[in-house]
Amino acid sequence: MGNKISCCKANTPRVTRKRNAESKSVVRCEELKADESGSNLQHISEREPEDIESDPSTHPSAGPLFMQRSRSDVRNCRDKRKSHLNLLESRPLKKSSSCSTIFLDDSTVSHPDLKNTIKCVTLAIYYHIKNRTSNNAVDIFDEKLNPLSKDCIIDDLKDPEHKVVYRFVRTLFSAAQLSPECAIITLVYLERLLTYAEVDIMPCTWKRIVLGAILLASKVWDDQAVWNVDYCQILKDITVEDMNELERSFLELLQFNINVPSSVYAKYYFDLRTLADQNDLTFPVEPLSKERAQKLEAMSRANDERFIDYQRNGFRKWSSLESISPKRRSKAILS
C-alpha cells in the first residue's frame, strides 16, 4: 500500500509537466496564427502614452512646453516695459493692416521664413535650458562623455545665450540646406523627447539633443535627407558611429513615434509667432502688392490641388496630411 502511494506521488509531477507543456504549445500555436493573420500587430497609436492629451507634441489642444517655460521671463519683460515708458515711446510704431493697405511678411504656415523660424525655435530652446525644472539627463546626450568638439569646454553652471543657440542651429541648417519646416519638426521632436524620456535640457546636453532632433527631423520631413556622414563634415570631431548611436537612442526614447499631425505642426507654428511677438522678434512686413497677391493665390491653389490629388488617388506623402481637407479660398481682388 505504501509503495502505491509513493508511486502515485512520484508520477503526479510528470503528468502535470506534460499537461503544462501541451497547454503552452497550444497557446504558442494560437499566437503564431494570430501573428500570421496580422490581427495581433500593434499600431503606433496604440503604443503612445496613456496621457496623450497632456502631450503637446501629439495632442493639438495641449499647450507647447516652451510657452510654459517662457511665461516668467515674458512677465518680467512686461514689468520692465511698464517702468520704462520713455523707452516705449522712442520705439518705432508697429505697422498694422488697414482697409487701404495690407501688411504681410514672407512667413506662412505652409512656407515659413527660414531665418525668422530658426530664431523662434532657438528662442524656445533657450527658454527650455534657462527655465528647466530638473537636471535629469541621458549619457548619450552628455557632451562631457561624448564631446562634439575637442576644444570645447563645458560649463554645467552657465546657461548658453540665445545667440549661441541660434548660431549653432543656423550653422547646421545652412550647411545641410534644411527647410524651415524642418526647424518646427525639430522643436516637436525635442519636446516629445522631454515628455517621453522625462529628461531636461542642460548646458552639457542641449547641443547633442538639438543635433539628434535635427538629424531625425531632416530624414522624416525632407525628401532628400542628409546622411549622417554629412554631419560629420560639418562637425569635424564627431564620428559616424557616434551619429548612428545618437540617432538610434533618440528614436528609442521617442518610442519610435515620429508622426507629426498637421494640427500639431500648425499649433507650434502659431505659438512660435506668439513667442516672437512677446520677445520683440519682429517679422519684417511689406505692403501687399498685386504681384505678391497673385503669387500667394497661386501657391494656395497649388496646395489645394495637391491635397485633392492625394485624397483622390490615395497617395499621401506623410501621415500628417490625413487630417487636412482642402478649402476654397476667395480670390484676392486688388484695384
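Residues are numbered from 1 along each chain as its sequence is written, and side-chain values use heavy atoms, with hydrogens and water left out. Because the model is predicted, local features need pLDDT of at least 70 and side-chain atom pairs count only at pLDDT 80 or more, whereas totals for chains, interfaces and linings use all residues.

Tyrosine 166 lies in helix α6, residues 162-176 (helices are DSSP runs of H or I with at least four residues, numbered from the N terminus). Its relative accessibility is 17%, so tyrosine 166 counts as buried (under 20% relative accessible area, with a 1.4 Å probe and protein chains only). Beyond its neighbours within four places in sequence, tyrosine 166 is in contact (heavy atoms within 4.5 Å) with Lys115, Ile118, Lys119 and Thr122. Of these, lysine 115 is 51 residues away in sequence, with a C-alpha to C-alpha separation of 9.8 Å.

Serine 179 sits in the loop between α6 and α7 (180-197), and this residue is buried as well, with a relative accessible area of 18%. Leaving aside neighbours within four places in sequence, serine 179 touches Leu114, Phe173, Trp221 and Asp222. With aspartate 222 there is a side chain to side chain polar contact at 3.0 Å (a pair of N or O atoms within 3.5 Å, of which, within protein, one must be able to donate a hydrogen and the other to accept it; residues adjacent in sequence count only if both atoms are side-chain atoms).

Further along, the buried residues of helix α10 include Asp242, Leu246 and Phe250, and their cover includes α7, α8 (206-221) and α9 (228-234). Just after α10, glutamine 255 adopts a positive phi of about 60°.

Key. Helices (H or I, at least four residues) and strands (E, at least two) are DSSP runs, numbered from the N terminus. Buried means under 20% relative accessible area, exposed over 50%, partly exposed in between (1.4 Å probe, protein chains only).
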